[in-house]
Amino acid sequence: MLKHLLACLLFIGVSIYAHAQQVGQTKEQIIGLTSQWKGERFEDGRPHVPDFMLERLQSATLEQIWGFLMRKGFRNQVEKDWIILKPGETMVGRAVTAQFMPARPDLDSLVRAWGKDEGRSQRGGINIWPIDILTPGDIYVADGYGKVKDGTLIGSSLGNAIYGKTGKGVVFYGSVRDMQELKETDGFNAWIKGHDPSYIRDMTPTSINAPIRIGEVTVFPGDVVFANDYGTVFIPAYLVEELVISSELVGLRDEFERVLLQEGKYPSGEIHGQWNEAIKNEFRAWVKKYPKPLAVSMEQIEAYLEKGN
């Protein structure tokens, strides 16, 4: 009995050790981590939230997304107080995650060996490994543990490489260099905690496409990133479709209420409160003439009105 127990413990220990010997998460691990997503996936296992859903989120607000996620029990999804390369823009995309840690020689040599076994590039710095796997629509999200001096995860060359692969930018709980040149890269944007002229030094990428911490938020690979002047929010992939519908309904109502308030046709309490049938009918007519395509159908609008908006 004792021998059997020792054999089991040894097997568990070996399994844990073998499992730990990797930098990138396997496809099976990512699928298990994001198992509530039922749609298409990338080759690496990350959820493939459709492009049109990302486009719909461009017009959402941070408060709309925050409110929706709070109602779903996600209370720690927003990080604020960023330095933004190009303020005034909104960036939406799918997260590729990476975690960096302070370097130590024994860890660094192990990571390099694991990366070699995984077929990762052996030329240049190992900080390029997360960049190598980026695809269109991705946002590179990295935990650089807030390091600024000697913590610059990219400069202008890697920034251009990222934009060339993704058409997007980065969210770093860390820093970048070459701010002036990066700002001149059309289409590229960055949410960072600092910038410095120094090169990256004494940092090791310990995981790629695993859960990471960005300030007060836990980010999964494949989460949808929404970033604007007011903060960044990380949305579980399986909630995006419902969020898009919810945020568009809320946005339509807010816009319509502003129209009514400016007209002065109804008391403010009736506009902000439970709508009567007259207001609902005006809303229906207003939506039918809306100048842009909508993600929500008239059936969804009717369900929203019947629920007691």
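This is a predicted model: local features need pLDDT of at least 70, side-chain atom pairs count only at pLDDT 80 or more; totals for chains, interfaces and linings use all residues.
Residues are numbered from 1 along each chain as its sequence is written, and side-chain values use heavy atoms, with hydrogens and water left out.

View 1. Helices (H or I, at least four residues) and strands (E, at least two) are DSSP runs, numbered from the N terminus. The C-alpha trace spans about 75 × 60 × 30 Å along its principal axes. Of the 309 residues, 47% count as buried, meaning under 20% relative accessible area with a 1.4 Å probe, protein chains only. The chain exposes about 16,000 Å², and carbon and sulfur atoms supply 54% of that; the area comes from the Shrake-Rupley method with a 1.4 Å probe.

**View 2. Here helix H11 (residues 277–288) meets helix H12 (residues 298–307).** Their axes come within 12 Å and cross at roughly 160°. That makes H11 roughly antiparallel to H12 (over 145 degrees, on a scale from 0 to 180 between N-to-C directions). Who touches whom? From H11 come Lys280, Phe283, Arg284, Val287 and Lys288, and from H12 come Met298, Ile301, Glu302 and Leu305; contact means heavy atoms within 4.5 Å. Sorted by type, the residues of this contact are 5 nonpolar, no polar and 4 charged.

**View 3. Helix H4 (residues 62–71) packs against helix H9 (residues 240–263).** The angle is about 130°, and the axes are 10 Å apart. On the H4 side, look for Gln64, Ile65, Phe68 and Arg71. H9 brings Glu242, Leu243, Ser246, Ser247, Val250, Gly251 and Asp254. This contact splits into 4 nonpolar, 4 polar and 3 charged residues.

**View 4. Arg41 sits in the loop between helix H2 (27–33) and helix H3 (51–57).** Leaving aside neighbours within four places in sequence, Arg41 is in contact with Ile30, Ile31, Thr34, Ser35, Arg46, Pro47 and His48. As for Phe68, Arg41 is 27 residues from it in sequence and 24 Å from it in space, C-alpha to C-alpha.

How values were computed: Angles under 35 degrees count as roughly parallel, over 145 as roughly antiparallel, 65 to 115 as roughly perpendicular and the rest as oblique. Ala, Val, Leu, Ile, Met, Phe, Trp, Tyr, Cys and Pro count as nonpolar, Asp, Glu, Lys and Arg as charged, and the others, Gly among them, as polar. Buried means under 20% relative accessible area, exposed over 50%, partly exposed in between (1.4 Å probe, protein chains only).
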